[in-house]
Amino acid sequence: MLFKQQALLRQKLFILGSLAIGSVLYLVARVGTLDRLQPICPIESRLPPPEPEQIPLRTLQFKRGLLHELRKGNATKEQIRLHHLVQQLPRAIIIGVRKGGTRALLEMLNLHPAVVKASQEIHFFDNDQNYARGIDWYREKMPFSFPHQITIEKSPAYFITEEVPERIFKMNSSIKLLIIVREPTTRAVSDYTQVLEGKERKNKTYHKFEKLALDSNTCEVNTKYKAVRTSIYTKHLERWLKYFPVEQFHIVDGDRLIMDPLPELQLVERFLNLPSRISQYNLYFNATRGFYCLRFNIVFNKCLAGSKGRTHPEVDPSVVTKLQNFFHPFNQKFYQITGRTFKWP
Ligand code: A3P
């Protein structure tokens, strides 16, 4: 009996001993292997610089496919139901400024998979007739989107129209408001150029910019001229601030959006609480056009229409200086209120 127990104990000890030796041998071998796998220098330094993040293909396919079809009115009610598509009121509006680069900003933001643009300027809040049609009319003007996406519209007339801040506030008091500005004198000349082109198209004659911008009696800046008034940004903004706190506005540098759009777009992504998805891949400089154009994917890219980026007429330098001096104090106030400073003269 005693002999049997001793034999069993010896057997157990033998098994345990074998297991222990086996584990030690395994660990030695494993550590050796791991040592050999350690890179001589960190992996990052051997890789090419990271590729800029690209937009998820599936969402883009929807953006260029289904949502595009919906815009053209080709998608079926079944598809709308199946994909839970909705027409949402905008959660952000580009309220101005006319000729600041509002179209470029909207189109570039639309590169983001979480953004859906209202293609047309809706003019709901600045046009009394449209406003009288009610909020459901406005909603029906919005594009279809997935519930997690945000809709953005732009109507630059909103910025300068008296009634608009109160009306937007009544719709959504926490809406995000985007204002894209350019150096005020350049913006005024751009504004003039657009009107001039319209007149020329109708074979009408038009005054020179200098004549409109200066009062012929006093030779001072003509504040009755709309292109001048629109460029007094602070005056308009002050009306908006009666309804919305300054944190609800984001000021976009329209001059930088022309030269180097990506950093400006990244600031807007942050303001809208969106993950950073627009990359350098989505923006390329087109030398023929003289502007940045948009690349959605390997097959689809586009530049803005020719009406964006017109050649401005030469303006008498003394008039330019006069206008710049006139805008200067208003600009200072604008910087103070918004916290965004520009190198405007
Ligand atoms: P100009 O025609 O004076 O050059 P808006 O869309 O508000 O009317 O603004 C038009 C301005 O957008 C144009 O003014 C142009 O300079 C500017 N812009 C900014 N980025 C652009 C882009 N990528 N392509 C074309 N125009 C652009």
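Predicted model: local features only at pLDDT ≥ 70, side-chain atom pairs only at ≥ 80, totals over all residues.
**A chat about the ligand site**

Guide: Hi! As a way in, H6, helix H9 (157-160), helix H11 (184-201), helix H15 (254-259) and E9 each supply at least two residues of the lining of the largest pocket.

Visitor: Thanks! Which element gives the most to that lining?

Guide: That would be H6, with four residues in the lining of the largest pocket.

Visitor: And what volume does the largest pocket have?

Guide: Its volume is about 650 Å³. There are 33 residues lining this pocket, and the closest to its centre are Lys 99, Gly 100, Gly 101, Thr 102 and Lys 308.

Visitor: How do the lining residues divide into nonpolar, polar and charged?

Guide: The lining of the largest pocket has 12 nonpolar, 11 polar and 10 charged residues.

Visitor: OK, on to the ligand. Where is the space it takes?

Guide: The ligand takes up the space of the largest pocket.

Visitor: How many residues surround the ligand, and which are the closest?

Guide: The shell holds 17 residues, and the closest are Thr 102, Ser 190, Tyr 292, Lys 308 and His 312. By class, the shell splits into six nonpolar, six polar and five charged residues.

Visitor: Which elements each supply at least two residues of that shell?

Guide: Helix H6 (102-109) and strand E9 (291-295) do. The largest share of the shell is from H6, which brings four residues.

Visitor: Nice. What lies 3.0 Å from an oxygen atom of the ligand?

Guide: A polar side-chain atom of Arg 182 does. A polar backbone atom of Arg 103 is also 3.0 Å from a ligand oxygen. For Gly 309, a polar backbone atom is 2.9 Å from an oxygen atom of the ligand. As for cover, the ligand has 570 Å² of accessible area on its own, and the protein covers 97% of that.

Visitor: Changing topic to the backbone: which peptide bond is cis?

Guide: The one from Gly 96 to Val 97 is cis, with omega near 5°. Val 97 sits in the loop between strand E2 (92-96) and H6.

Visitor: And what is phi of His 123?

Guide: Phi of His 123 is near 50°, a positive value in a residue that isn't glycine.

Visitor: Where does His 123 lie?

Guide: You'll find His 123 in the loop between strand E3 (115-117) and helix H7 (128-132).

Notes
Residues numbered from 1 in each chain as written. Heavy atoms only, no water. Near = heavy atom within 4 Å. Polar contact = N/O pair within 3.5 Å; in protein donor to acceptor, adjacent residues only side chain to side chain. Areas by Shrake-Rupley, 256 points an atom, 1.4 Å probe, with all protein chains shown as cover. 1 Å grid on protein atoms, 1.4 Å probe; cavity = no way out; pocket = protein on both sides within 12 Å on 5 of 7 lines; lining within 4 Å. Sits in = over half its atoms within 2 Å of the grid points. Nonpolar A, V, L, I, M, F, W, Y, C, P; charged D, E, K, R; others polar. Points joined across faces, edges and corners; volume = space filled by probe spheres on them.
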